[in-house]
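Subject: Structure handover

Hello,

Please find the structure below, followed by notes on what was found in it.

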Amino acid sequence: MIVIGNQLSSNAVVSFITKKEEEGWKKGEYLSSRYKINDENIEVVVGLGEEEFTRNVVANVCAKAVKEAKALECNTISVDVSKFIKAFGVEVLYNVVEGLRLGISSLETYKSETKKESYTISLIGLEETEEVKEIVKKAEVIAESVLLARRLVNAPANMLTPVILAEELSQMAKECGVEVEVVDEVAMKELGMNALLSVGMSSGNMPRLIVLRYMGDKDSKEITGYIGKGVTMDTGGYCLKPAKSMIGMKGDMAGAATVAATILALAKNKEKTNVVAVIPACENRISRESFVPGDIITSMAGKTIEIGNTDAEGRLLLIDAITYAIRKEGVTKVLDIATLTGAVVAAFGSVMAGVVSNNDEFYGQLEKASKVTCEHYCRLPILEEYKKMLHSKLADLSNMSNGGCGTITAGIFIGEFAEELPWIHVDIAGTSWVDSPCYEFQTNYATGASVTTLYHMQTVK
């Protein structure tokens, strides 16, 4: 729990110091720390680096600070945020709260014995205004939503099938006033969602299309469609993955977790915006019903697709979900997000997501939001030369590029189904999962990447 003001007797008091202010330190580098034990509490000091530190470091140093206090077995912690407020204004509290809440959290496990942790963090060095209280309240909801996304992505495939995911999200949606509809495989067939079904019917665990609706702005006809890839287990199908590559594929539904967590946060905070999340959830396994290379399928949009690789399944789910969002939900712009390609990991590692978009203004919203959240995105080009790499002699499109450029061509493939609406594709294959944390506010495995950015896309003007 995070409170405002010095309302508790703290085990630890945290402050921050710039390079210019450090006296007697052998190291004054970013994230270096020291502590002093007094009669009343422990003073923890964390280095901010240069005198003119950037907003990018705020969440990281806040996470570092509470980790230090936690390691010293302190469960009531006061954090002096005055330097951050002075440098960036009260809006920086979104970064502060994110760092503190995520930094204090632990990796959830399935061990039979787990230690229950409880912490109270007090923000000091700021004025307790209504604006400050509102930002802190909203920021804590957003941080909790990031933790929700992490929990969903970390869940084993046998404990989070498409049906279970639909049930869990339905329950959570109803609790915070989000309308929910779940489309089963019979209804999908009637709708002509053959691209999704080609993948989803490969398992005894039947697919589900999960639709979450939050209409918080009755005065606007604008509706953003957030489409999240929900492959709860990806073996690669008949183009089978190696064992080492398969172990983390329970997390191939990070896009689904991201859009679900985002829309729930928007609803809890009663933001004035309209968002529909459409989540195609299924497994990609091997069975008698599995699709194979060489098959030709017809999507909900009516376009035919030649299957070049059954492990390029995510884009098949997304295109039918996008068509559904446009034709059935009436969305006016579309953002799809997915753990889609290994190529994006090779290019950007775990630091940056790849983006393909057909609209500068819509992409500008993503870019503006990312400056608040300090998540990193790189926009990739759409060129005719890349479009030709998806050519098929037998169908309208191939689901595999014949010339490489996997991240770009995957995005372009999906964009063919955006029906001229403003559209963004975000590939989080690298940023959604880390074997070893890149930042202090991360734990091992799921990161909850892009929840904060998608949230702020709806709120930052």
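Two strands count as paired if DSSP finds at least two bridges between them. Helices (H or I, at least four residues) and strands (E, at least two) are DSSP runs, numbered from the N terminus.

This is a predicted model, in which local features need pLDDT of at least 70 and side-chain atom pairs count only at pLDDT 80 or more, while totals for chains, interfaces and linings use all residues. Residues are numbered from 1 along each chain as its sequence is written, and side-chain values use heavy atoms, with hydrogens and water left out.

The sheet

Six strands form an open sheet with mixed pairing, in the order E1-E6-E5-E2-E4-E3. The edges are held by E1 (2-4) and E3 (33-37); each has a single partner strand, so one side of each is left without a neighbour in the sheet. On average, neighbouring strands are turned by 25° against each other, direction ignored. Axes here are lines fitted to C-alpha atoms, for helices over the stretch in contact, and angles run from 0 to 180 degrees between N-to-C directions.

E3 runs antiparallel to E4 (residues 42-49), and five bridges join the two. Arg-34 has Val-45 in E4 as its bridge partner.

Helices on the sheet

H3 (residues 93-104) lies across E1, E5 (76-80) and E6 (120-124), at about 155° to E6. H4 (residues 130-154) lies across E1 and E6, and runs at about 175° to E1.

Glu-68 belongs to H1 (residues 58-71). Its side chain makes a polar contact of 3.4 Å with that of Ser-33. A polar contact is a pair of N or O atoms within 3.5 Å; within protein, one must be able to donate a hydrogen and the other to accept it, and residues adjacent in sequence count only if both atoms are side-chain atoms. Neighbours within four places in sequence aside, Glu-68 is in contact (heavy atoms within 4.5 Å) with Ser-33 and Val-44.

Helix H12

H12 (residues 360-373) has 14 residues and spans 20 Å from first C-alpha to last, close to the 20 Å expected at 1.5 Å a residue (1.5 Å times one less than the number of residues). Its buried residues (under 20% relative accessible area; exposed is over 50%, partly exposed in between, 1.4 Å probe, protein chains only) are Phe-362, Tyr-363, Leu-366, Ala-369, Ser-370, Val-372 and Thr-373. Seen down the axis, they fall within an arc of 165°, so they line one face of H12; the arc is that of the directions from the helix axis to the C-beta atoms. Asp-360, Glu-361 and Lys-371 are exposed on the other side.

Regards
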